[in-house]
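Dear colleague,

I am handing over the structure below, and I would be grateful if you could look through it before reading my notes on its backbone.

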Amino acid sequence: MRSDGSLRITLGWTISAMLFAYAPQIATKPFWVTVLMLGCALVRWLGEVRRTPLTPAWIRTPIGLVCFLAILQTYGSINGVGPGSTLLCVMAALKLLETRSKRDLFVILFICLFLILATFLTEQHLWSLVYLVCSYGLTMAAWMAVSRQGSHLTQRWYVAQARKTLMFATPLFLAMWILFPRVPGPFWAIPNKANSANTGLSSTMSPGDISQLSESQAVAFRVRFQGLPPSQRQLYWRAIVMEHFDGRSWSANKPSFNRNPANPISRRGEIVTYKITAEPTQRRWLYALDMPVAWSDEGSVGIYPSPQQTLQRRQPVDELFEYEVTSALQYVVGRELSRNSRTHYTTLPPQGNEQAREFARQLLQRTGSAQAMADELLRMFNQQQFFYTLSPPPLGRNSVDDFLFSTRSGFCEHYASAFAFLMRAAGIPTRVIAGYQGGTQNPLGDFWTVRQSDAHAWTEIWLPERGWVRVDPTAAVAPERIEKNLDSALRQFGERGSATFALPLVERLKLTWDMANARWDEWVLGFGSESQSDFMQWLGLDDPDWRDLTALLAIALVCLMTSFSVWLWYRNLPPRGDAAQRLYRQLQRRLGLPATTGETPLHYAERASAAFPDDAHRIRQITHDYLYWRYAGQHHRRRRVAGILRKVRWRFRSRRARQRAHARGTARSNRR
Amino acid sequence: MSSTLSRSRNALLQPLKRRLSLWVKKRQGDDELPVTLRSRRLYILPTPVGVTFAFVSFAMLLGSMNYNNSMGFALTFLLAATGLVSMHRCHQNLASLSITAIDALPVFAGDSTTVNLTLHNPSSSAKFDITAKIGAHKSAAIDLASMQTATLPVELPTHQRGYVQIDRIRLQTGFPLTLLNTWTWLHVDTQVLVWPKPADNPPSRLAAPSEEQGEQGRGGDETFAGLRDYQPGDSPRLIAWKAYARTDDMMSRQFEGSNASRCWIDASSLANLEIEQALAIMTRWVLDAENDGDHYGLRLPGVEIPPAHGLAHRNRCLDALALAQSLEHTHA
């Protein structure tokens with residue numbers, strides 16, 4: 001066993017690299033993996049410091065077996081990113097216990113690289129750039145330490161070398177990033193990320209679902225409007241239409257994919273076009289303003305409209321997805337409603353919420369029409385004692401009755417649900433829409449950010465001659481929610497919102513961070529074959545394909561590597577002597593008077609001043625400064641020498657001038 | 001199992017290696033010191049670590065494509081760029097290095113000789129992690145700062161007396177990440193003389209018939225015999241400092257005992273022994289005589305070194321023993 005102390009430094013670097021690469025996964029991995037990693041690192045480190053023998057195989061093997069079974073127990077299989085990376089962690093930790101040769105250490109460093117990749121498969125936010133640079137740097141420093149094991153190099157040297165490696169690699173890296181043809185995957189397995197927890201809307205809505213969401217500041221999507229954005233109160237981002245009610249929850253139909261939806265939207269008035277960058281949801285639905293009339297239909301993933309005027313994809317949104325939509329803010333949709341649909345949109349469970357049913361029937365009788373009934377209901381929400389709150393009291397089995405007649409406080413889903421129930425009970429076709437309302441404009445980046453806290457639910461009722469009409473009961477209870485945002489609405493009802501920062505500086509920082517994230521999403525995560533073809537077109541190549549990209553990449557790499565090797569060659573040339581000497585030689589060249597072998601600077605100065613009496617003072621000054629610079633280490637004299645030298649150079653810039661000066665000097669000394 | 005495998009692999013590779021080395025020698029020609037390494041004579045290939053690195057990068061590329069993962073691409077490209085960059089750095093790390101001297105001191109068979117390579121780095125950048133290899137014997141790694149000169153010692157075990165011919169020396173570096181190995185072959189005519197291994201239990205030197213006279217008259221009553229050229233190993237007491245001051249030539253004074261007290265180490269006295277055995281015994285005698293401060297001479301077939309004393313003399317005797325062909329002529 002090696003324990004000459006040289007392994008200790010190497011081991012330290014390797015353990016640091018391993019733990020750093022693992023660090024971001026602490027939260028997502030089972031707790032015992034972290035314990036195992038730290039434990040193995042500690043045991044191995046102490047063993048090296050105290051020079052005790054390595055952990056024997058009869059201890060390591062059972063641990064490995066137990067870990068393997070634990071992985072199977074936790075994940076159910078060893079396929080996939082989660083169990084795969086956990087297996088890697090276990091391998092790295094156990095490998096550490098038996099590490100003694102260079103080869104073992106390299107194995108751990110290779111596992112480190114895979115762990116970094118595994119982290120990116122689950123997280124790619126802006127901070128992951130910092131993580132990439134740090135973990136790469138640390139791994140390379142460790143790599144350098146393993147390569148030079150046993151040498152007496154300082155820790156700083158390893159860090160400097162890692163930095164150099166990163167610095168040199170960056171230009172090549174950028175060329176590959178921009179020009180390497182991005183072939184859209186997947187090749188083997190469709191990445192299964194459904195189990196990774198994502199906050200967001202779901203296809204069912206029970207009381208409390210959206211109020212829970214509203215505590216999350218996670219970004220749902222970002223929007224960039226072409227032209228002027230609509231006013232805040234018009235920003236109804238529809239995502240899911242819910243048609244079924246089971247007495248407590250509303251739920252959506254199974255998606256159907258039909259190029260030509262049954263209910264075409266006829267637009268009235270202005271339209272607005274915008275680009276949406278949606279964060280991954282693992283769901284099929286997309287977001288669009290009420291009502292989408294046109295959308296981008298490029299690429300392999302087509303966008304399909306649903307019969308309920310929402311947009312959806314055939315495949316789940318498992319990565320950033322960018323698409324363009326045009327919406328009509330005034331519209332008429334579904335003016336004709338078949339008998340079947342009419343029944344479908346008025347269906348309620350046969351029993352429950354009797355009080356509400358009765359109330360609805362009476363209300364319709366009193367008001368006479370669907371429109372009047374809706375108005376009456378909204379007035380009721382607005383003027384009676386209804387409260388808008390994030391934490392409403394729990395509801396019983398007859399949730400609508402409880403809400404309407406006893407608790408009278410709830411979030412948007414309570415109001416939407418109760419309103420839809422009452423309308424349906426009165427025989428008016430009604431549906432519940434889940435989506436987002438509003439958003440925050442980021443003045444720094446000229447885009448809007450819609451967060452999970454903007455999640456909202458509203459309703460649409462069907463009126464003869466007018467088709468589906470949006471009715472938002474929440475707007476009646478808490479108009480602030482629609483006019484401004486959730487925070488100000490909650491403040492009105494005496495509740496503090498989740499965002500408590502009011503300082504302008506903090507606000508500004510938040511906006512900056514938000515913008516940086518948006519740019520990151522747009523330029524880095526969203527970078528793909530489309531951005532590449534844009535780039536190629538910018539370069540002047542029409543209709544580029546992957547062959548052009550490859551050719552360009554090859555050219556770029558050859559150019560970069562050639563210049564790098566020229567630079568290395570230049571650095572390999574012999575040093576050019578010290579700067580002081582070079583400047584002093586320059587003086588001799590300028591004067592056209594080389595110093596003889598063994599002539600001291602002072603002797604030379606005398607000879608030169610005699611030959612060039614006009615410059616005698618300068619020559620003596622330069623010599624004086626040069627000597628102090630060279631032999632007394634007074635480096636500040638460099639500038640003075642250079643300055644005087646420039647004057648000398650100026651006078652003797654041509655051979656003739658030099659000869660003339662020389663002749664004058666000789667004549668003068670002759671006269672004397 | 002693995003040893004059989006490696007043996008059969010060696011059997012396959014050996015002729016190939018020999019032909020390759022012949023080709024390299026033919027291509028480069030013989031070297032004269034000092035040798036400055038130009039890229040024409042530098043060879044570069046990936047190490048097993050480098051090959052693994054390439055495989056890992058490729059696997060990561062496939063993974064990133066499959067998951068269409070931007071940061072995965074970033075990591076992959078960073079690794080690929082690192083590999084390419086380290087190729088250039090590795091090559092340049094050996095280029096322009098110069099080898100100014102190769103020397104080795106004689107040793108007794110069975111001991112290790114140290115072949116010292118004197119390296120000079122004439123470039124303005126530092127060189128790292130340079131090792132030399134002779135056959136299977138590898139030196140430690142050294143670093144050379146800009147304009148630095150250093151020696152790189154290679155320990156070379158010896159087995160037999162006589163000249164050890166060093167066919168070629170491999171100078172190599174794995175800097176910066178041991179992903180690649182750059183090397184060069186030096187064909188500098190280098191010989192190391194290996195003296196016979198001294199016998200452990202020799203017959204007594206005094207009992208040998210070549211002993212002519214007793215041990216008297218050393219020291220005091222020696223008379224000055226003359227001056228001869230200084231040889232390394234001569235005692236400073238023997239140096240003619242006055243002559244040195246006069247002429248700038250370093251001379252050693254030579255003394256001759258009036259009662260010439262010398263012993264002869266004669267091969268004929270051991271004629272009944274096998275040659276290596278006899279040489280081993282004589283080697284021991286030479287060392288003992290030198291240690292005891294005797295004046296001793298050496299007689300081998302065709303060689304007669306008159307009795308003298310001192311390190312230079314001892315080395316001369318040992319050289320003669322190392323190169324002795326046979327002991328046959330003694331009887332003639």
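This is a predicted model: local features need pLDDT of at least 70, side-chain atom pairs count only at pLDDT 80 or more; totals for chains, interfaces and linings use all residues.

Helices, taken as runs of at least four residues, and strands, taken as runs of at least two, are DSSP runs numbered from the N terminus.

Most residues other than glycine have a negative phi, and most peptide bonds are trans.

In chain A, A:Gln309 is not a glycine, yet its phi is positive, at about 65 degrees. A residue is buried if 20 or more other C-beta atoms lie within 10 Å of its own, and A:Gln309 therefore counts as buried, because it has 23 C-beta neighbours inside 10 Å. A:Arg51, which is not a glycine either, has a positive phi of about 55 degrees, and its place is in the loop between helix 2 (31-50) and helix 3 (57-75) of chain A. The cut-off for an exposed residue is 12 or fewer such neighbours, so A:Arg51, with 11 of them inside 10 Å, counts as exposed.

In chain B, the peptide bond that joins B:Leu33 and B:Pro34 is cis, with an omega of about -5 degrees, and B:Pro34 sits in the loop between helix 1 (2-28) and strand 1 (35-36). A cis peptide bond also links B:Phe175 to B:Pro176, where omega is about 0 degrees, and B:Pro176 belongs to the loop between strand 11 (169-173) and strand 12 (180-186) of chain B.

With kind regards

Key. Residues are numbered from 1 along each chain as its sequence is written. Chains are lettered from A and ligands numbered from 1 in the order in which they are written.
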